[in-house]
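Good morning, colleagues. Please take a moment to look at the sequence and the structure before I go through the two chains and their contact.

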Amino acid sequence: MKKIIYSLFLLSIISSCEVIEGPYMTGNGGGVDTNSNQYVKNILIEDFTGHLCQNCPDAARELEAIHDLYGSQIIGLALHVGSTFARPYPLSQPKFTYDFRTKWGEELDNFFNISDAGLPKGMINRIDYPGDHRKNKGQWLASVQQELDKEVVFGLNINSSFDGNNSIIDISTDALKDISGDYKLVVCLTENEITNWQKDGVIEDENYIHNHVLRSLITSAWGDDVSLSTNISNGESYTHNYSVNLADLENFNIDYSNNTLFQGNGESGGWNQNNISILAYIYDNSNYEILQVEYASLATN
Amino acid sequence: MKNISLGFILFFLSINIFAQNNGEIHGDFDLNMQSYIEDATINAVAADEVIRNNSFLNIIFTKNNFSAGLRYESYLNALLDYDDDFKGNGIPYRFATYSIEGLEVTAGNFYEQFGSGLIFRSYEEKGLGIDNAMDGIRLKYKLLKGISLKTFIGKSRTYFTYADGIFRGIDGEIDLNETLELQSKTRYIFGGSFISRYQQRNNPVFELPQNVGLYAGRLNIINGGWNYYGEYAYKINDPVNSIQEDAVNYASGNAFTSSLTFSKKGFGITGEIHRADNMLLLSDRDRIGKAYIMNYIPTLSKPHAYTLLALYPCATQAMGELGVQLDIFYKIKKGSLLGGKYGTKLNLNFSRINGLKGGTSILNDNVNFTPEILSFNEELYYSDINLEVNKKVNKRIRYNFVIANQTYNKDFLEGKTPGEYGVINSTIGVLDLSYKIKKGHTLRMEVQTLIAKQLETASKKEEGDWVMALAEYTISPNWFFTIQDMYNYGNDDESKRLHYININFGFLKGANRFSIGYGKKREGIFCVGGVCKLVPSSNGLNLNITSSF
């Protein structure tokens, strides 16, 4: 009898196996229904990367694929960080001389301890900090799905005016429920469509398109208080105003590369103001989780 | 996990009290402390903590057919060559096991390997910072004479937590001669195994298998001095969780290993071939990294212990490689011209590993590619030919001499861009001489040299030639003192012609061993059995204590 029971147990194990027959692509995902609420939950994917990192473009493509699937709810931010993969070659070299790194990217990288664990890595709304916040690209999709199911707590609106160099940026935050805690607003500038060298698998691609590259933070890396009170009521609205000068920000990065960054060479300029966007997010200061993120073009907003 | 561990401790204490008189408790302890100071010349960084420490204590209680044990581990914080996810203290390993009437039951943690590991290996290797112990239930049963079965269900450890996948496994082995009571001189042992990993499906675009199965069959035939071992393994489709069509691969995986050995007194020869294609099993399909690898393709190259022979080691490629190895051992008889008074041992070893034609198998809606099974003229990953001569000259002097020529595809094996370093060929000589000065006093010296060249023009220069010398003075049974220097004299970059000096001083008494060392470590690759890790350069003091009871 014992043997029979044992054999049955073994049989049940062996039957647990699924061979999938093509076609393998069974759906397009269909995105998430936008409900009647004015705001939906947006998700920030912080893609820590470097132009010398040959596996990083695969992660960038995963980000694009997730964006294509879920649309504007997915917002990407590429942070070129660290001295291994993001350091520029000396200006005497013909390639990889651009310094994509920034003061804030390095600060976030050090705090969240990302590049030390190897690139590419990403954070999805910075969930699972500390410990499991550094995610391989294979984990991004599941984490995004988990985040999409969460309730939307804040709404963000970005308004800006731009005169070719100076910009006034207004961020308004709407509380969508009663909530208490310490919430911070971070505002940054990103640039799309930067054509420059990138290692991509076995290829060194001179014409790689770098998208949503972090250029500058307008707040500090840890942001400004959303509200002066820790108790926030449903329906309350807060406004933050910032004024920026693009040339100053660009020069700051050049100086920072020249004077502070490891093997920096000052090759951090050449910003194209038409491709600059504003990215704003709110995070919970108790666990760093990002609760809402919004994105708008600077020049054409 | 902490609550479970606490429960186990209480359980332990209670059995300890009741069983003091007729049970046995054994254990071992290991402490590895290292300080890290900045050394810009070798790119070594200082640790914020100044010193870091890895320690563990094993305790095992045994009484008759029952045993239980646990391991306390402490990483405050983990040494720099460990993944930084090893952090903090805990009892990640605890188990209880008993056996009765042919059935062995284990609850808690256990290590397990099926066959040579092609479809499953759960093991720990402290040197690599790997511990993928299972946590669950395992049963072993002797079904009939010569027939044994193992089954288990569990999750695998990663650092201080468990990976997402749930593993179910079964392995059976039959010793035909024993079962059928054959009197034949030839012994036949057959084995078969099956593994299934469950992980929830959540991909909105691609249909992913939730249950991924692997199976393997093996055969061992032994006749006198002859021994054949062969194993074939297969894995069903196991695509990653991506929504990029290019990244999702539905191809199955497979691997085989086959070896034939002949040995008699003073002579042995082994020929071996193996191949792996798309045969990486992870405990979580969404993750990467050695902490998640759950199977093992045994390495084909000779494991070298001498530093310069292991400078460019071979990492096994479960995703695709084909390799062969030939190993010949011969002992020249004592009393002969070359054998001398004590005889001379010779070991000739050759191994060569290359990629698969066209790469790993790929199957998706657009591509269906399977590489040729045997194609030996593909991109070379690694080759090694070496001769070792081991001789005792007289009562005072013995030596070991090794000469080797290795070819190492640095770009591929270290994940560099093709053309960055290319392929490195190195010729290595080692002389290890041991001289017994008087009773209990032994001086051992090693001289090693490595001459390297890049086989193709590459954009970067490799490190060039090395020389190494070591002197070790042992006063047995209590003391040893070692000094060694590795010198990169042939580096093209004059500023990198550096000395890596290490001194080490140790004291042993009974079951306790203490050693203190100071020195510089070169950044490099360290492998055990073809599984490798990157060791960062470091400069500092280290303290090692081991003890057992």
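Predicted model: local features only at pLDDT ≥ 70, side-chain atom pairs only at ≥ 80, totals over all residues.

In chain A, 40% of the 301 residues count as buried, a residue being buried if 20 or more other C-beta atoms lie within 10 Å of its own, exposed if 12 or fewer, and partly exposed in between, with C-beta atoms placed from the backbone. Residues are numbered from 1 along each chain as its sequence is written, and chains are lettered from A and ligands numbered from 1 in the order in which they are written.

Let me continue with chain A. It has five helices and 15 strands; helices (H or I, at least four residues) and strands (E, at least two) are DSSP runs, numbered from the N terminus. Its C-alpha atoms fill a box of roughly 85 × 55 × 35 Å along the principal axes. Of the contacts in chain A with a separation of 6 or more, 71% are accounted for by residues 24 or more positions apart. Two residues are in contact if their C-beta atoms, placed from the backbone, lie within 7 Å.

Which residues touch the most other members of the largest nonpolar core? They are I66(A), V187(A), L279(A), A280(A), Y281(A) and I282(A), in a core of 73 residues. Helix 2 of chain A, residues 56-70, gives the most to this core, with eight residues. A nonpolar core here is a set of buried Ala, Val, Leu, Ile, Met, Phe, Trp, Tyr and Cys residues joined through C-beta atoms within 7 Å. Leaving out residues up to four places away in sequence, A280(A) touches L156(A), I158(A), I171(A), L185(A), V186(A), V187(A) and E294(A). Another core, of 36 residues, lies apart from the largest one and has A78(B), A216(B), L282(B) and A291(B) among its members.

I return to helix 2 of chain A. Its axis and that of helix 4 of chain A, residues 137-148, come within 9 Å and cross at roughly 20°. Axes are lines fitted to C-alpha atoms, for helices over the stretch in contact, and angles run from 0 to 180 degrees between N-to-C directions. The two helices are therefore roughly parallel, the word used for angles under 35 degrees. Helix 2 of chain A contributes D58(A), A59(A), E62(A), I66(A) and Y70(A) to the contact, and helix 4 of chain A contributes K137(A), W140(A), L141(A) and V144(A).

Now to chain B, which has three helices and 32 strands. Its radius of gyration, taken over C-alpha atoms, is 25 Å, close to the 24 Å of the globule rule for 549 residues, so chain B is as compact as a globular protein of that length; the rule is 2.2 Å times the number of residues to the power 0.38. Buried residues make up 32% of chain B.

One residue of chain B deserves a word. L387(B) lies in strand 22, residues 380-392, and counts as partly exposed because it has 15 C-beta neighbours inside 10 Å. Beyond its neighbours within four places in sequence, L387(B) is in contact with L348(B) and I403(B).

Finally, how many residues does each chain bring to the contact between them? Chain B brings 37 and chain A 36. On the side of chain B that touches chain A, strands 10, 12, 13 and 14 each supply at least two residues, and strand 13 gives the most, with three.

Notes. Parallel < 35°, antiparallel > 145°, perpendicular 65-115°, else oblique.
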